[in-house]
Amino acid sequence: MLAGLRWTSLRLRLVVVFGAVALTAAVSASGIAYWLNRESVLNRTQSAALKEFKQEMRDKAGQLPLRPTQAELAYTAQQMANSSAGFSVVLIGERAEDKPVVGVSDQDEFTLDDVPQSLRTAVNERQKITSGNTSPYHVFWQRTQRGQTPYLVGGTRIVGGGPTGYVFLSLEQEREDLNALAWSLAIATSLALVGSALLAQAAATTVLKPVQRLGHAARQLGEGKLDTRLRVSGTDELADLSRTFNNAAASLQKKIDDMSAREESSRRFVADMSHELRTPLTALTAVTEVLEDEADTLDPMIAPAVTLVVSETRRLNDLVENLMEVTRFDAGTARLVLDDVDVADQVTACIDARAWLDAVELDAARGMMARLDPRRLDVILANLIGNALKHGGSPVRVSVRSVGGELVIEVRDNGPGIPEAVLPHVFDRFYKASASRPRSEGSGLGLSIAMENAHIHGGDITAANLPEGGAVFVLRLPHEVSEDADDDADGPGNGRAQGGEAQ
């Protein structure tokens, strides 16, 4: 029962609330019952004892002479004590004016010293005779304690002259009865508390089971299982909650299905468009290469137009290749072709292939091996270094090192750095930092493709500004990448830089 209880759980709170309510009710009921029974028992015993004492005073003490002897008082006190009430008696008379004489039923049990002074004063005080009070003396009583035993002490005196009497009654039996009652009520309270805990557990199980099913369904929905639904039974609030969840899940599934269909349609459109553009682009590329070779022989009025056509054709070709690569990542068809690579040689080859040797400083120790896709690493490096050269300025410093089982490649430039507002967006698709350069050479896809290639390796790329100036891009890749496929048949064949504009 306690296995699922935690201090913050709803089950524990239900048990605690049930227990607190039950405990409060049980303690209140037990306290009231104990108080009522205590008063009833004490008042009944007290009334019976005082009534019998008053009767004994009238029948026996009232028959004594006006000036009784000590022996007469003692004899009468013993007779009074032998009654069924079982109390002890002290009688006080006068042998002469202001010369009291005392007789007791049991010298060891009760003497005049056991009578509180306040009770003596009240007993001997003469009351004023009125229409509502016809007797000058009354019976007074007081509860006291001697040692650990409670006692009832009462007293009165004979009207018209005669001895004053005090009664002394032990209430030990009544205390034992009340203690037994208190223990019974305590046991009943404990049983009520245990019963309330069991009832709370049962109620919590009944109430929380639908909530647990709802939580499980919500987790499944969060994991992408959009067909998750709850079984609805009843008409209570939990049933309404289950219906609301089902309606929300159905609405979410419909929206996601619609979005997936639109996204799939968009991806298919981009892929189809890219494939359709490749054939005319191939022809255009061949024509532009011929025109570029003959540019020196063309009419000076035509040469600038030819140069523009050549550059825009290459830019369009790069854009189509980038779009096809993005489509592969979105469709989940991009695969790795892994090989054991000397990272320093790979970086050098990337720089040399693009004639960047004079603008790039390389800090890499040869012999640092990593298992990764060399073509995709080349794409990443080409984008990062090309972006640094284009927007940061040379010299660009590339450093390669191994840190904690990871391959870390840093690309630092010597430029003004990246504006703080731009940093969160440098890897976004088609993002360009300057709105005044909407038709710049970059497509805005290079850095996002570099990030996708890092992710497919299980790595990441971060961008930041250096305190001394300039920007730094840090590529982190694991030394060992799990092989997802043997080949990437649809991978782009070129190795040119696909530089997005970030700075």
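The mean pLDDT of the protein chain in this predicted model is 80, and 90% of the residues reach 70 or more. Two stretches call for caution. Over residues 1-5 the pLDDT is below 50, and that stretch has 6 contacts in the model beyond near neighbours in sequence. Residues 484-503 also have pLDDT below 50; here the model contains 74 contacts beyond near neighbours in sequence.

Let me turn to the overall fold. The protein chain has 9 helices and 12 strands. Of its 503 residues, 39% are buried. If we take the contacts between residues at least 6 apart in sequence, 65% join residues at least 24 apart.

I come now to the interior. As a general remark, nonpolar side chains in soluble globular proteins tend to be buried together. The largest nonpolar core in this model comprises 37 residues. Which of them touch the most other members? They are Leu 384, Ile 385, Val 398, Leu 407, Ile 409, Ile 461 and Leu 475. Helices and strands both contribute to this core: α7 (343-353), α8 (374-391) and α9 (446-456) each supply at least two residues, as do β8 (369-372), β9 (396-403), β10 (406-412) and β12 (471-478). The element that gives the most is α8, with 7 residues. Apart from this core lies another, of 20 residues, including Leu 42, Ala 49, Ala 61 and Met 80.

Next, a pair of residues around the core. Leu 407 touches Val 343, Met 368, Ala 370, Leu 372, Val 400, Arg 401, Leu 475, Arg 476, Leu 477 and His 479, if residues up to four places away in sequence are not counted. Is Met 368 buried or exposed? Its relative accessibility is 17%, so Met 368 counts as buried, the cut-off being under 20%. The contacts of Met 368, on the same exclusion of residues up to four places away, are Val 341, Asp 342, Val 343, Val 400, Arg 401, Ser 402 and Leu 407. Met 368 and Leu 407 are 39 residues apart along the chain, and their C-alpha atoms are separated by 9.1 Å.

Ser 88 lies in strand β1 (residues 88-96) and is buried, because its relative accessibility is 10%. Beyond its neighbours within four places in sequence, Ser 88 is in contact with Ala 81, Ser 105, Glu 109, Phe 110, Tyr 166, Val 167 and Phe 168. Thr 111 is found in the loop between β2 (99-104) and α3 (117-124). With a relative accessible area of 18%, Thr 111 is likewise buried. Leaving out neighbours within four places, the contacts of Thr 111 are Val 90 and Val 104.

Definitions and conventions: Residues are numbered from 1 along each chain as its sequence is written. Side-chain values use heavy atoms; hydrogens and water are left out. Helices (H or I, at least four residues) and strands (E, at least two) are DSSP runs, numbered from the N terminus. Buried means under 20% relative accessible area, exposed over 50%, partly exposed in between (1.4 Å probe, protein chains only). Contact means heavy atoms within 4.5 Å. A nonpolar core is a set of buried Ala, Val, Leu, Ile, Met, Phe, Trp, Tyr and Cys residues joined through side-chain atoms within 4.5 Å. pLDDT is the predictor's confidence in each residue, from 0 to 100.
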